[in-house]
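I opened the model today to go through its strands and helices. My notes follow the coordinates.

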Amino acid sequence: MPAKPKLYYFDGRGRMESIRWVLAAAGVEFEEEFLETRDQYEKLLQSGSLLFQQVPMVEIDGMKMVQTRAILSYIAAKYNLYGKDLKERALIDMYVGGTDDLMGFILVFPFLSAEDKEKQHAVIVQKATSRYFPVYEKVLKDHGQDFLVGNNFSWADVHLLEAILMVEEKKSDVLSGFPQLQAFKARISSIPAIKKFLEPGSQRKPVPDDKYVETVRRVLHMYYDVKAN
C-alpha cells in the first residue's frame, strides 16, 4: 500500500492549507510533521530536502516536493481535479491564479501590526467584492453550471471555496450581493469529502492566532514586520 503523503509545515494555515484542502477534496489521507523549533528547520535544510530553502514541503510518490503551486498542480492532476484537456487546465489555472491573488492579501494578515491589520481588513473586503468575486459570479451565471470549469469538480472549485470562507472570516455577509457564489458555496460544501474536511476534528487549521505567528517568526528568524499589500 502506498505511503500517505507527508506534509512538513507549521501547525497552522499559511501556504500549506491549500494543499490540505486539495488532498482532502481528493479523499487522500495524509500525515503531518509540524515545525516547532529552529533545529527542525535546520535539519531539513541540511538534509537537502528543501530545494529552495523554504517550506511547504510534501513527500509524495517518492518525491520531496517544494513550491506550493507545483505541489498543488501535481496533486490536482494525479486525482483528476485538473480538467480533461489543455483548455480546461488553462481556465483552471486562470481562476486559481486569481484566487491566489486574493488569498495573498489574507495570508499576510496575521503578521501585520495592529494599525496595518485595520487597513488590510478593508483592502481584503474591497478586493474581494469589487475585483475577484464579481469574476466568479459572472462565470457561474454565464455558463449556468454547477462548477467553474467543464461542469466537473476541479481544483478551481476547491480553491475558490477556501478563499470564500477566508474572506467570510473577515466579513460574514461578504457574499450578500453574490447569489451565484452563495449557491456555489452551498453546493461545494455539501460534497462528501469537502463536508468531512469542514467538520470539527479534521486536519483543517483554524484562523491563525498569536501562537502560530510567534512559532513561524521563531523558526524562520523573522525579526521584522510584514508589510501590507
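I start with the pairing rule: two strands pair if DSSP finds at least two bridges between them. Helices (H or I, at least four residues) and strands (E, at least two) are DSSP runs, numbered from the N terminus.

I note that this is a predicted model, where local features need pLDDT of at least 70, side-chain atom pairs count only at pLDDT 80 or more, and totals for chains, interfaces and linings use all residues. Residues are numbered from 1 along each chain as its sequence is written, and side-chain values use heavy atoms, with hydrogens and water left out.

**Entry 1: the N-terminal span**

I looked up the UniProt record, an unreviewed entry, and its annotation "domain: GST N-terminal" covers residues 3-83. UniProt positions are in the numbering used here, feature names are shortened, and annotations may be inferred rather than shown by experiment. I get 37% helix and 20% strand over residues 3-83, with the end C-alpha atoms 26 Å apart.

In what order do the four strands of the open sheet lie? I read the order as 2-1-3-4, with mixed pairing. Strand 2 (31-34) and strand 4 (63-66) are the edge strands, each pairing on one side only. Neighbouring strands of this sheet are turned by 20 degrees against each other on average, direction ignored.

I then followed the partners of strand 3. Strand 1 (residues 6-9) and strand 3 (residues 57-60) run antiparallel and are joined by three bridges. Lysine 6 has glutamate 59 of strand 3 as its bridge partner, and leucine 7 stands opposite valine 58 in strand 3. On to strand 4: strand 3 pairs with strand 4 in the antiparallel sense over four bridges. Methionine 57 has valine 66 of strand 4 as its bridge partner, and glutamate 59 stands opposite lysine 64 in strand 4. The hairpin of strand 3 and strand 4 has two residues between the strands, and in this hairpin aspartate 61 takes a positive phi near 50 degrees.

**Entry 2: helices on the sheet**

For angles I use axes that are lines fitted to C-alpha atoms, for helices over the stretch in contact, and the angles run from 0 to 180 degrees between N-to-C directions. Contact means heavy atoms within 4.5 Å. Helix 1 (residues 17-25) lies across strand 1, strand 2 and strand 3, at about 165 degrees to strand 1. Helix 3 (residues 68-78) lies across strand 3 and strand 4, at about 125 degrees to strand 4.

I find 67% helix and 0% strand in residues 85-209, whose end C-alpha atoms lie 41 Å apart.

**Entry 3: helix 4 with helix 6**

The axes of helix 4 (residues 86-107) and helix 6 (residues 155-168) come within 9 Å and cross at roughly 20 degrees. Helix 4 is therefore roughly parallel to helix 6; angles under 35 degrees count as roughly parallel, over 145 as roughly antiparallel, 65 to 115 as roughly perpendicular and the rest as oblique. Helix 4 passes helix 6 in a left-handed crossing; a crossing is left-handed if the near helix is turned anticlockwise from the far one by less than a right angle, and right-handed if clockwise.

Residues of helix 4 in this contact include Tyr95, Val96 and Met103, and those of helix 6 include Trp155, Leu160 and Met166. By class, I count twelve nonpolar, two polar and three charged residues in the contact of helix 4 with helix 6. Ala, Val, Leu, Ile, Met, Phe, Trp, Tyr, Cys and Pro count as nonpolar, Asp, Glu, Lys and Arg as charged, and the others, Gly among them, as polar.

**Entry 4: helix 6 with helix 7**

The axes of helix 6 and helix 7 (residues 179-189) come within 10 Å and cross at roughly 115 degrees. Helix 6 is therefore roughly perpendicular to helix 7.

**Entry 5: lysine 170**

Where is lysine 170 found? I located lysine 170 in the loop between helix 6 and helix 7. Not counting residues up to four places away in sequence, lysine 170 touches Ile106, Phe109, His121 and Ile124.
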